[in-house]
Amino acid sequence: MFRSLAHVNYRIWFIGALVSNIGAWMQATAQNWVVLTELSDNDALAVGITMALQFAPQLLLVPVTGLIADRFDRRKILVVTQSSMMLLGLALGMLLIFGHAELWHLYIFAGLLGIVNAVDNPARQTFVTDLVASSDMSNAVALNSASFNTARLIGPAVAGLLIVIVGSGWVFVINAASFVAVLAALAMLRGRKLKRMPRAPRERGAFIAGFRYVWSRPDLVVVFVIVFLVGAFGMNFPIFSSTMAVEFGRGAGEYGLLNSILAIGSLAGALLAARRERARMRIIIVAAAGFGVAALLSAVMPEFGWFAASTVLIGFAAVTLLTTANGYVQTTTEPVLRGRVLALYFAILSGGTPIGAPIVGAVANSWGPRWGLGVAAIAAGVAALIGLGWLVASRGMRLVRHPERRWAAAVRFEEPPTAAIAVVPTSAIPAVRTEAVPVIPAEALQVPTEASPIADASDSAVSPRRGLFGGTRRARAARLR
């Protein structure tokens, strides 16, 4: 489960990213609570607009950001993007602390943060390939998700507490300070141990090469469709958590608690994904169906406690889907195109939010937050059916009788269920230490002739007292002298 941590550079990066992720989740929690309760009158649509502004740049800038990750040094890219996000968080925190923040300030902040994230995401995700061996790539992606969701478990709860005690502005300032950890980690990485992945050549069509590659891979198209539907209409957790907290008459503390409880399931999903040898298409489809069922259950929960418990299932299914999809895309894509394909993946995932978040927010405003969860359940169900239909039509999936269990069924494919196979993990071969063999001069290795006085029948056998080439040890020693 934790095999990627054997790489020293990955350990350094993992610790720095974990600290920064905690601050980022604190900021995200405070941002949506400020928009909903401090700068608007419980307006879920305003939260949806903020999310749309934050995620739209990843869709609009996808040809540029992917090429940046493939062509330039990812370590230097991350230094620039992480520093920029630190300054943005500090600036907004100061506005909130001194009481000058307005709703349009949050909109501008969300848009600028989205632009920086659009460059940061593909570079940060593909940077994993520079830190670990190819056989550990899928595991490293899953552990990144585990780090992200560990932070999700801690950050929102701490943010909810800090909002009550010191105010939302200080949460942004603390997040700005957390970026020091990831910048220090980038500075501490051992350059000699960094893998130098192939860089994208300067050629015509480089901007759209990622689009062409994905279009030539039907399995990736299906993954992107599933991720788009679930990401656009299902991954609107800030809307669901904040509006349901208000629905049950709760405050900022309970809102932060909902995000942390959701992260319990998310962390479990990420750790289970880390145990798998490689990412599989069937797991993505099953996770989409599970997300739909979990969202439907949450929508009908009568009490706050039951609703909070049901979000564990939502988090588990969501992170299982996203971690597996991310790992599948990374491990089955050509290295020279990985940044552009991942940029397109995150554009589909996050860029769907400008479409889905306002719709879900408007539904929650008009019909109540439970109907917003219903929209998420329907979208996930449609995504699962699309994936299942592709497996049946393109891969010939069918149910057959289990060869060993009498009342059980098994799944069979006419073709392999994946278009490309991830790198198979290898195991080390134990080295055998041997003793040094003395060098014997060439003249001592000459084959004896009939005239040789030592070439008799008794000397031709190998015994503890006789050498391999005949003669006693004393005779051989005389010849060596």
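Which residues does F291 touch, not counting residues up to four places away in sequence? In this predicted model, F291 touches V230, G234, M235, F237, I314, A317, A318, A376 and A380, where contact means heavy atoms within 4.5 Å. Because the model is predicted, local features need pLDDT of at least 70 and side-chain atom pairs count only at pLDDT 80 or more, whereas totals for chains, interfaces and linings use all residues. Residues are numbered from 1 along each chain as its sequence is written, and side-chain values use heavy atoms, with hydrogens and water left out.

**Nonpolar core**
- The largest nonpolar core has 116 residues, and V223, F291 and Y345 are those with the most contacts inside it; such a core is a set of buried Ala, Val, Leu, Ile, Met, Phe, Trp, Tyr and Cys residues joined through side-chain atoms within 4.5 Å.
- Helix α1 gives the most to this core, with 14 residues; helices here are DSSP runs (H or I, at least four residues) numbered from the N terminus.

**Q31 in helix α1**
- Q31 lies in helix α1, which covers residues 8-38, and Q31 is buried, with a relative accessible area of 3% (buried means under 20% relative accessible area, with a 1.4 Å probe and protein chains only).
- Leaving aside neighbours within four places in sequence, Q31 is in contact with T50, Q54, L106, F109, L113 and F172.

**Packing of α2 with α15**
- Helix α2 (residues 44-60) and helix α15 (residues 353-367) pack at an angle of about 175°, with their axes 8 Å apart; the axes are lines fitted to C-alpha atoms over the stretch in contact, and angles run from 0 to 180 degrees between N-to-C directions.
- That angle makes α2 roughly antiparallel to α15, a label used for angles over 145 degrees.
- On the α2 side, A44, L45, G48, M51, A52, F55 and A56 meet T353, P354, A357, P358, G361 and N365 of α15.
- By class, this contact of α2 with α15 has nine nonpolar, four polar and no charged residues (Ala, Val, Leu, Ile, Met, Phe, Trp, Tyr, Cys and Pro count as nonpolar, Asp, Glu, Lys and Arg as charged, and the others, Gly among them, as polar).

- Helix α6 (residues 137-165) has 29 residues and reaches 42 Å from its first C-alpha to its last, close to the 42 Å expected at 1.5 Å a residue, the expected span being 1.5 Å times one less than the number of residues.
- After α6 comes G167, whose phi is positive, near 105°.
- α6 and helix α7 (residues 168-188) pack at an angle of about 135°, with their axes 7 Å apart.
- The contact is made by A159, L162 and I163 of α6 and S168, V171 and I174 of α7.

Definitions and conventions. Helices (H or I, at least four residues) and strands (E, at least two) are DSSP runs, numbered from the N terminus. Angles under 35 degrees count as roughly parallel, over 145 as roughly antiparallel, 65 to 115 as roughly perpendicular and the rest as oblique. Buried means under 20% relative accessible area, exposed over 50%, partly exposed in between (1.4 Å probe, protein chains only).
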